[in-house]
Amino acid sequence: MFNKSDSNKIDQVELISIEQMVPQNHILRKISRVIDFDFIYDIVEDLYCPDNGRPSLDPVILIKLSFIQIIFNIKSMRQTIKDVEVNLAYRWFLGLGFHDKVPHFSTFSQNYRRRFKGTDTFDRIFEHILLRAFEENLVDTNIQFVDSTHVKAHAN
């Protein structure tokens, strides 16, 4: 049964932060507690010019976007960006507020093409992240998946 007093709740203003909305046991919180992503700045320092052109998107955000895509098995960066727009845990992990603009998906591809393509930068960054994740027991090795697209079957 509808209670007329319930309709007044729509007009109420509540102050709430993204910090409050992300559950304490969320995997991105666990990752954030054990991995300090600031190491990325040292790795990419030579790929950015500090005093030429427009300011770039923070490289940590670029890597974290890719990280979200991998962890949550999102098929494309375009879909990752759409998900970041509505997922508070993703926004929190990236350091974006409710009203912060989410980068356009092409920003990632342009940065990759202009800065990272042909380098081992991504490999070095993700190797560091993976090692930290193993050290902190965030990786479960009990189940392993193998892409068997190119594995010949032994049908006989």
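Reader: Is R29 buried or exposed?

Author: In this predicted model, R29 is found in helix 3, which spans residues 27-34. Its relative accessible area is 4%, and a residue counts as buried when that value is under 20%. Because 4% falls within that limit, R29 is buried.

Reader: Which residues does R29 touch, not counting those up to four places away in sequence?

Author: The question concerns a residue of helix 3, and a contact here means heavy atoms within 4.5 Å. With residues up to four places away in sequence left out, the residues that R29 touches are E19, V22, P23, Q24 and W92.

Reader: How many helices and strands are there in the protein?

Author: Read along the sequence, the protein follows the pattern α-α-α-α-α-α-α-α-α. In keeping with that pattern, the count is nine helices and zero strands.

Reader: Does K117 count as buried or exposed, and where does K117 lie?

Author: K117 has a relative accessibility of 58%, and the cut-off for an exposed residue is over 50%, so K117 counts as exposed. As for its place, K117 lies in the loop between helix 8 (105-116) and helix 9 (121-135).

Reader: Which residues form the positive surface patch that includes K117?

Author: Lys and Arg are the residues that count as positive, and a patch takes in residues with over 30% relative accessible area. K117, at 58%, belongs to this patch, and the residues that form it are R54, R113, R114 and K117.

Note on methods:
Residues numbered from 1 in each chain as written. Predicted model: local features only at pLDDT ≥ 70, side-chain atom pairs only at ≥ 80, totals over all residues. Heavy atoms only, no water. Patch = residues over 30% accessible without salt bridge, like charges linked within 9 Å, V, L, I, M, F, W, Y side chains within 5 Å. Areas by Shrake-Rupley, 256 points an atom, 1.4 Å probe, with all protein chains shown as cover. Salt bridge = Lys/Arg side-chain N within 4 Å of Asp/Glu carboxyl O. Charge placed at Lys NZ, Arg CZ, Asp CG, Glu CD. Helix = DSSP H or I, 4+ residues; strand = E, 2+ residues; numbered from the N terminus. Buried < 20%, exposed > 50% of the residue type's maximum accessible area, 1.4 Å probe, protein only.
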